[in-house]
Amino acid sequence: MRTKLHDWHLAHGARMVDFGGWDMPVQYETGPREEHLRVREAAGLFDIDHMGRVEVSGADAEAFLQHVQTWDVSRLAPGRAHYSLLLNDSGGVVDDIFIYRRESSWLLVINAANAPKDIAWLAAHAVGFQVYIRDLREETCLAALQGPAAREILQALAPGSDVAGMGFHRVAEHTVAGARVVLCTTGYTGEPGFEILMPARECTRLWEAVLEAGARPSSRTGTPVPRRALPCGLAARDSLRAEVCLPLYGNEMDETTDPLAAGLMRAAVRLEGHDFIGRRALAALALAPLKRILVGFEMTEPGVPRHGYVIAAPAGRKAAGAGAGGAGASGAGAEIGKVTTGLFSPSTGKYLGMGYVKAEHSAVGSEVSIIIRDSHKAARIVERPFYTSPHWR
Amino acid sequence: MDSKVDQGVRYSKTHEWVRVEGGEAVIGISDYAQNKLCDIVFVELTAVGREMKVGAACMVIESVKAAEEVFAPVTGTVTARNEALVKTPELVNSDPFGKGWLVRVKLASPSEVNALMDAAAYTSFIATL
């Protein structure tokens, strides 16, 4: 499948890659490192038109959403957005989503590869509710402008609108470069920015307008950083989200992972105030100690951890806190988990990763090893996130 | 993107280059190869004293996207390795024929070098890819 900006990518030197059936730019000629750093220092523009989005409306829309997802959306005011999960009956994650409450409808942004599954799942659970579920993917295009200069860039294209004044996790309609768009102050990079839902027929013009919109050079830094947005591919999108430890569906969670182990309860779940699919399973899981936990780790010996690599107890030593009754199950060199995401982090200069490990190895400071091409490389469990943007006001 | 082809080295079909200096040879990867890989984030070099056999996987170069094997373009014993790549693997991107060299080997059979492509042949070769 192709996004509505596909031709533009090919004409502008993008290297394309298959991502869940979508032919997507993985990088442009600038390369993933420079794209990543530009987002941290100024701004980057991402084609995220592959992501699913549906509009939910009707008299029972709120009651329906309370039933199918984990956040208590009765407490979400119009114009506000929140992260949430769709769970199955056993508490496994069907998808992670963003919900935007508009004046008379709701917008759900869902993962690209999960979109057909999610839409079928939502429709199946809509029986008995007076609700309309509309797939917006044909008529709209979705892009993300992310970075500390994003507000300034978009404001330059929206004279008369207070775009820069929008708070975090809001949704509002504005006129940008002459087109009516829905702006969402959400993103997947850890930087301030916007996700822009625009009319499909205007998308290439708006994409180019954002790239051309000049912002004043930064006076704060010694060397002037270009304050224009750079087009960015999926490689930079992945390293940006990984540095701030935002989970990726299929890596940090799937239908066999529950939000307790993934550490997503606070960010995405309200057990009180509504009953939802998977709630009973979650409440039961919450009573038992966790067997495995998602952690962040830093390589103390150089090496690139990658999705699927084995995490082992440190070679030659017992893990701190491992009980004497372990009977060798978590002894030196034994498998204790799997890497879900790994990378060389451009912002910190470190080799970092996330993964699930047995609970007794999950404390910050625990020594572990990552098995890279049959050799044990030393790593240490560290605090998450790995990086925090200084650009939040 | 146009790739540079160093005129003074010989090339393998798997994009390694060899520069003969006396009985030794310096080994690296071509500009074409580093372009294809893009941002290199880690290089796993063969240890000094280890033997490498022509055609066998002997080192690993990791880009943002993937880990790629480097195949020995000649047979020989490693006498030195480019330790600068431990801290700055991106030298392979910025200067593949110079500061981005990988290892130096003592050639076991110098005639193997003649089987490799010269710059003109390699230029034609990458034009077909």
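The model is a predicted one, in which local features need pLDDT of at least 70 and side-chain atom pairs count only at pLDDT 80 or more, whereas totals for chains, interfaces and linings use all residues. Residues are numbered from 1 along each chain as its sequence is written, and chains are lettered from A, with ligands numbered from 1, in the order in which they are written.

In chain A, the domain assignment (bounds taken from an automatic or database assignment) gives domain 1 (6-49 + 138-243), domain 2 (53-135) and domain 3 (289-382). The C-alpha centres of domain 1 and domain 2 of chain A are 25 Å apart, and twelve residues of domain 1 of chain A are in contact with eleven residues of domain 2 of chain A, contact requiring that the C-beta atoms, placed from the backbone, lie within 7 Å. On the side of domain 1 of chain A that touches domain 2 of chain A, the elements giving two or more residues are β9 (140-146) and β10 (171-176) of chain A, strands being DSSP runs (E, at least two residues) and helices likewise (H or I, at least four), numbered from the N terminus.

Helix α2 (residues 32-41) and helix α7 (residues 234-243), both of chain A, pack at an angle of about 55° with their axes 8 Å apart; axes are lines fitted to C-alpha atoms, for helices over the stretch in contact, and angles run from 0 to 180 degrees between N-to-C directions. The angle makes α2(A) oblique to α7(A), a term for what remains once angles under 35 degrees (roughly parallel), over 145 (roughly antiparallel) and 65 to 115 (roughly perpendicular) are set aside. The contact is made by A:P32, A:E35, A:H36 and A:V39 of α2(A), together with A:A235, A:A236, A:S239 and A:L240 of α7(A).

In chain B, six strands form an open sheet with antiparallel pairing, in the order β1-β2-β3-β9-β8-β5, where strands pair if DSSP finds at least two bridges between them. The edge strands, each pairing on one side only, are β1 (10-11) and β5 (51-52) of chain B. Two bridges join β1(B) to β2 (residues 16-21) of chain B in the antiparallel sense, and B:V18 in β2(B) is the bridge partner of B:R10. B:V18 also has B:I27 of β3(B) as a bridge partner, while six bridges join the antiparallel strands β2(B) and β3(B).

Conventions:
Two residues are in contact if their C-beta atoms, placed from the backbone, lie within 7 Å.
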